Amino acid sequence: MNKVPAHWLFVLVMAVVMWLPMSALAQSQTPEALVRENVSAFMAELNGNEAYFADNLDELKALVNDSLDDVADFRYIGASVMGSYFRNATPEQRSRFANVFRQTLIDTYTRGLVTFDYDELRVLDNQRGQRYDDQASVDMEIVANNGQVYPVSYSLRLSDGEWRVVNVIVNGINLGLTFRNQFDQAMRENNRDYDAVIRGWSPEIGVDELEQGGDA
């Protein structure tokens, strides 16, 4: 049987996030309920439509762009990825990096959404308890067509009454931490030139690492 390409596994994981309705429902539903409902919505949206979207990538990119606006907290994510460098960045550099980071994800999703090769997405019945009212984790699994199971955990943050995704752990690999390490490496290689790093930002997903897994 074929193996799920790990870079498209990442895309699949993040694409589910796009269908989370971060609206008034977020105040009345648990994060688990939101993810569970929207896994079904995601599968209904894409299943059987791969050929159409493959021929209409601009339409798919517009869909991704609009969806991400209401889902991910890119300012929070951008600050987290910049790590210790965030403090000395100008407000303009902070904003510009958040926008560049967002665009790289949109481009990645659009290229990969029509190439999925999986059998099932499932949210686990037994979720971990939450230590804080404004933070949550939702665990799910992606079942590949060869039977291999990839564990996935979404980290969400409650901000202004809305749940927003701020990180994802795939097969034990903390993607937020991975991107932060890559930003740090880029800053070192470019003599801490923020503008150069932002202009050249092109994060690696870590294909082999996702397949092998980690211990995040």
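Mentor: The residues that line the largest pocket divide into 7 nonpolar, 8 polar and 4 charged, where nonpolar means Ala, Val, Leu, Ile, Met, Phe, Trp, Tyr, Cys and Pro, charged means Asp, Glu, Lys and Arg, and polar means the others, Gly among them. The model is predicted, and for that reason local features need pLDDT of at least 70 and side-chain atom pairs count only at pLDDT 80 or more, while totals for chains, interfaces and linings use all residues. Residues are numbered from 1 along each chain as its sequence is written, and side-chain values use heavy atoms, with hydrogens and water left out.

The largest pocket holds about 360 Å³ of space. Of the 19 residues that line it, Y76, Q135, S155, L156 and V166 are the closest to its centre. Two or more lining residues come from each of α6 (74-82), β2 (135-144), β3, β4 (162-170) and α8 (175-189). Points are joined across faces, edges and corners, and the volume is the space filled by probe spheres set on them. The helices (H or I, at least four residues) and strands (E, at least two) are DSSP runs numbered from the N terminus.

Strands β2 and β3 run antiparallel and are joined by 9 bridges, where two strands pair if DSSP finds at least two bridges between them. The two strands form a hairpin with 4 residues between them, and in its turn G147 has a positive phi of about 95°.

Within this pair, V138 stands opposite Y154 in β3. Strand β3 covers residues 149-159 and includes Y154, a residue that counts as buried because its relative accessible area is 2%. Although Y154 and V165 are 11 residues apart along the chain, their C-alpha atoms are separated by 6.9 Å.

D139 also lies in strand β2, and its relative accessible area of 11% is why D139 counts as buried. The side chains of D139 and S153 are joined by a polar contact of 3.0 Å, that is, a pair of N or O atoms within 3.5 Å, one able to donate a hydrogen and the other to accept it, with residues adjacent in sequence counting only if both atoms are side-chain atoms. Leaving out residues up to four places away in sequence, D139 touches V123, L124, Q127, R128, V152 and S153, a contact being heavy atoms within 4.5 Å.

From β3 the pairing passes on to β4, again in the antiparallel sense, over 8 bridges. Here L156, one of the residues closest to the pocket centre, has V165 in β4 as its bridge partner. The hairpin of β3 and β4 has 2 residues between the strands, and D160 in this hairpin takes a positive phi near 55°. Strand β4 is mostly covered, with 7 of its 9 residues buried.

On its way onward, β4 is joined by 2 bridges to the antiparallel strand β5 (residues 173-174), and the bridge partner of I169 in β5 is N174. This hairpin too has 2 residues between its strands, and N171 in the turn has a positive phi of about 55°.

Further along, the loop between α8 and α9 (194-199) holds N191, whose relative accessibility of 70% means that N191 counts as exposed. Its phi is near 55°, a positive value in a residue other than glycine. R192 is found in the loop between α8 and α9 as well, and R192 counts as exposed because its relative accessibility is 54%.

To set this part in the whole, the protein has 10 helices and 5 strands, and 45% of its 216 residues count as buried.

Methods:
Buried means under 20% relative accessible area, exposed over 50%, partly exposed in between (1.4 Å probe, protein chains only). On a 1 Å grid over the protein atoms alone, a cavity is a set of points where a 1.4 Å probe fits but cannot get out, and a pocket is an open set with protein on both sides within 12 Å along at least five of seven lines; lining residues have an atom within 4 Å of a point.
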